[in-house]
Amino acid sequence: MPRAKRTEQFVAQEVCVVHVVQRCVRRAFLAGVDPVSGCDFSYRKEWIRRRMEALASAFGIDVLSYAIMSNHLHLILRNRPDVVAAWTDEQAAIRWLKVFPGRRLEEHLGEPTEADVQRLCRDKPRLEEIRNRLSDISWFMRALAEPIARMANRQDDCTGRFWEGRFKAQRIVDEAGLLACSMYVDLNPVRAAVGDSPDSVTHTSAYDRIEAAKGKQITSAAFDLQPVSVSDASKQSLEVPTDKRRRVKKAKQHSSSGRRIRRDAWLANLSLDAGKLSSDPEVHREGLRCSDRGYLNVSLREYMRLLRWTASVGRESMRGQQAVPRDVARVLRNRGIEAEMWSELVWNWQRYFGRSGCAGSPAAMKADAEKSGRRWHRGQGAVAAFFS
């Protein structure tokens, strides 16, 4: 059975949740310790995280969960065309120009000016295309992958691929599948024996949320979503030496706004707000992320309790080995998941969903298959035992 087309998994005009996997070329450890040369490239994980944080402030896409490994990365993304539709033309234009500034005089130093923004706003067909791209997961991944590859190649003084190819996408079709996939992503380093618990492994969404709950802050990597006035741009070009502008540009790349924020402020909220209508876009107004909408009907405390317990159980199925705590069983059964099978589902996610174009309960997978003219999705029958 061929892999589902991208257009069957997600489209820019429809809100959907997608699990994305991007691998380094030949699965080499280009963001970790290279076992051949012994070189440690682990600092590149922070490059990737900061680039994701910057893109989260510009695109109409929520970053729900992530895990950056030594040779690949996992993301769970939710595109939000409803949020993009709520932006003014000027807001959409400046976001696009911050990510893709285009060609201009001394491009490596230039910042989008008010004239650039107004010029783009007057081109209505182009702006409509840009709005679609700002909620397109493919464009988000392009804007993430290409700069990282260029930086790494420049540092290594080489050319060629950094990433293996296009990212792999998997649509998440219900909350049960989203909960399990989110756990799988957050526990990926634990599964790979990088650490013993989600509390001790950096560069995951779980670690960011845990540290934020302790009050930990970071320097924001979000774009400064304000255009430069034409007069200021002209003045800098004429009066400020090129070397100084390069230094200022480099400092801005580290922190455009200079703000200190909670470590997880750029990630989507975990818990859904029961008081908000599902049609409310909940647009974020502070320039750190796309929206304020959560994605799970659980509290952060319940999620972390389930996450830590799942990590402690380990790779083997829990059946017959230890009793499921009552609060954990309640969270799972409320979502139609057999509590006794939970560990097997999360720890062996790849076995059941690795070759499938979507993930979720069998009923939800069947309904999604019918939308695209299929009778079933790969893995649909294998996971029937996991859901009541």
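How many of the residues in the protein are buried? I began with this and found that buried residues make up 54% of the 388 residues in the protein, where buried means under 20% relative accessible area, exposed over 50% and partly exposed in between, with a 1.4 Å probe and protein chains only.

**Ground rules.** I noted that this is a predicted model, in which local features need pLDDT of at least 70 and side-chain atom pairs count only at pLDDT 80 or more, while totals for chains, interfaces and linings use all residues. Residues are numbered from 1 along each chain as its sequence is written, and side-chain values use heavy atoms, with hydrogens and water left out.

**Confidence.** I looked up pLDDT, the predictor's confidence in each residue from 0 to 100, and found an average of 88 for the protein, with 89% of the residues scoring at least 70.

**Overall make-up.** I listed 17 helices and seven strands; these are DSSP runs numbered from the N terminus, with helices (H or I) of at least four residues and strands (E) of at least two. For contacts, meaning heavy atoms within 4.5 Å, I read that residues 24 or more positions apart account for 75% of those with a separation of 6 or more.

**Helix H4.** I then turned to helix H4 (residues 89-99), which is mostly covered, with eight of its eleven residues buried. The buried residues include Arg95, Trp96 and Lys98, and the buried residues of H4 pack against helix H2 (44-58), helix H5 (114-122), helix H6 (124-134) and helix H7 (137-156).

**Helices H13 and H14.** The axes of H13 (residues 300-313) and H14 (residues 326-333) come within 10 Å and cross at roughly 110°, the axes being lines fitted to C-alpha atoms over the stretch in contact and the angles running from 0 to 180 degrees between N-to-C directions. H13 and H14 are therefore roughly perpendicular to each other, a term for angles of 65 to 115 degrees, whereas under 35 counts as roughly parallel, over 145 as roughly antiparallel and the rest as oblique. On the H13 side I noted Glu302, Arg305, Leu306 and Trp309, which meet Asp327, Val328, Arg330, Val331 and Leu332 in H14.

**Arg263.** I found Arg263 in the loop between strand S6 (260-262) and H13, and at 16% relative accessibility Arg263 counts as buried. Its C-alpha atom is separated by 6.8 Å from that of Glu211, 52 residues apart along the chain. Leaving aside neighbours within four places in sequence, Arg263 is in contact with Glu211 and also with others, among them Tyr207, Asp208 and Lys216.

**Ala369 and His377.** Ala369 lies in helix H17 and counts as buried at 0% relative accessibility. His377 lies in the segment after helix H17 (362-371) and is buried as well, with a relative accessible area of 6%. Not counting residues up to four places away in sequence, His377 touches Ser356, Cys358, Met365, Asp368 and Ala369.

**Cysteines.** Finally I checked for disulfides, taken as a pair of cysteine sulfur atoms within 2.5 Å, and the count comes to zero. Cys121 counts as buried at 6% relative accessibility, as does Cys290 at 2%.
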